[in-house]
Amino acid sequence: ILNLLMAAQKPTSSQVIIRICQLFDITENSARVSLARLVSDNLIESESRGVYQLAEKATSLSDDLSKWRHIEDKVQSWDGSWIGAFIGNLGRGDRTALRNRTRILQLAGFSELDQGLMVRPNNLVGGASKLRERLHKLGLEDEARIFTISDFDEDSQKKAINLWANQDLNEHYQKGQVELEQWMNSMKELDTHTAAREAFVMGDSTLRHLAFDPLLPNEMVNVDARKQYIQTMIRYDQVGRSIWVDLYNTFNQ
């Protein structure tokens, strides 16, 4: 439901949400329960009776995720330094806060080097200061310390480089591009509801991978393969959106 409201970018009636949920074999009762929970969690709000939109709490994340088409613009050449996030001074008793903190740092490509110390390559435009601003906007606690690390010893440098499953990322870029291409070539054989459902499921999975992609430098992954994957997803997104616009208009009649 959150993804539907992000894609719609406008208030949407519960009836339309329920009809779309039914495409995924989600019952009306389950959809209504989920709507109530999302309202309770302050992730969506009622714009008017029976009409919902994203609440402020979800809007910052939605705005951040919506920039996926331009994520390569965030990357610059890597000089071997790192951006560190020290969170060892933050409490771990509040599970909701811990889960939120972990998600935010993963969205920014951080991985844990040592307990309480997360790192990522310092290859993002704007460096630590720009990333610090983004992290706090997403909801990371102000007490988290974001800084540049420019002089790791040899063992720490090696350990940091090996924190990510680089080969898995390369394989995903290549496999994901092929899967998207194959679906676009075969989608004309599908009925509208099946095409809409499949486009949403595959697109959602791809966007999740892109959202959590650490944007590693060329020294660590195949950046050209990542760029091709993103370009293929841009074309796929255009195809999927055209299907969903037609379906959405039908449901609103």
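**Exercise 1. Which residues in helix 4 meet which residues in helix 6?**

Before we dig in, keep in mind that this is a predicted model.

Step 1: Look along helix 4, residues 56–65. On this side of the contact you'll find S60, L61 and D64.

Step 2: Now turn to helix 6, residues 127–138. Its partners in the contact are R134, K137 and L138.

Step 3: Sort these residues by class. You get 2 nonpolar, 1 polar and 3 charged.

**Exercise 2. Work out whether helix 4 is parallel, perpendicular or oblique to helix 6.**

Step 1: Start with the geometry. The two helices pack at an angle of about 140°, and their axes are 9 Å apart.

Step 2: Check the cut-offs. Roughly perpendicular runs from 65 to 115 degrees, and roughly antiparallel needs an angle over 145.

Step 3: The angle of about 140° therefore makes helix 4 oblique to helix 6.

**Exercise 3. Find the largest cavity and describe its lining.**

Step 1: Count first. There is 1 cavity of 30 Å³ or more, and the volume of the largest cavity is about 170 Å³.

Step 2: Ask which helices contribute. Helix 4 and helix 9 (192–211) each give at least two residues to this lining.

**Exercise 4. Describe the largest pocket: its volume, its lining and the helix that gives the largest share.**

Step 1: The largest pocket holds about 1500 Å³ of space. Its lining counts 49 residues, and L2, N3, M6, L65 and D204 sit closest to the centre.

Step 2: Several helices supply at least two residues each, among them helix 1 (2–8), helix 2 (14–22) and helix 5 (95–107). The largest share, 9 residues, belongs to helix 10.

Step 3: By class, that lining comes out as 27 nonpolar, 11 polar and 11 charged.

**Exercise 5. What classes of residue line the second largest pocket?**

Step 1: This pocket has a volume of about 370 Å³. Of its 15 lining residues, D64, K67, K74, K130 and R134 lie nearest the centre.

Step 2: Helix 4 and helix 6 are the elements giving two or more residues, and helix 6 gives the most, with 7.

Step 3: Tally the classes: 4 nonpolar, 2 polar and 9 charged.

How values were computed. Residues are numbered from 1 along each chain as its sequence is written. This is a predicted model: local features need pLDDT of at least 70, side-chain atom pairs count only at pLDDT 80 or more; totals for chains, interfaces and linings use all residues. Side-chain values use heavy atoms; hydrogens and water are left out. Axes are lines fitted to C-alpha atoms, for helices over the stretch in contact, and angles run from 0 to 180 degrees between N-to-C directions. Helices (H or I, at least four residues) and strands (E, at least two) are DSSP runs, numbered from the N terminus. Angles under 35 degrees count as roughly parallel, over 145 as roughly antiparallel, 65 to 115 as roughly perpendicular and the rest as oblique. Contact means heavy atoms within 4.5 Å. Ala, Val, Leu, Ile, Met, Phe, Trp, Tyr, Cys and Pro count as nonpolar, Asp, Glu, Lys and Arg as charged, and the others, Gly among them, as polar. On a 1 Å grid over the protein atoms alone, a cavity is a set of points where a 1.4 Å probe fits but cannot get out, and a pocket is an open set with protein on both sides within 12 Å along at least five of seven lines; lining residues have an atom within 4 Å of a point. Grid points are joined across faces, edges and corners, and a volume is the space filled by probe spheres set on the points.
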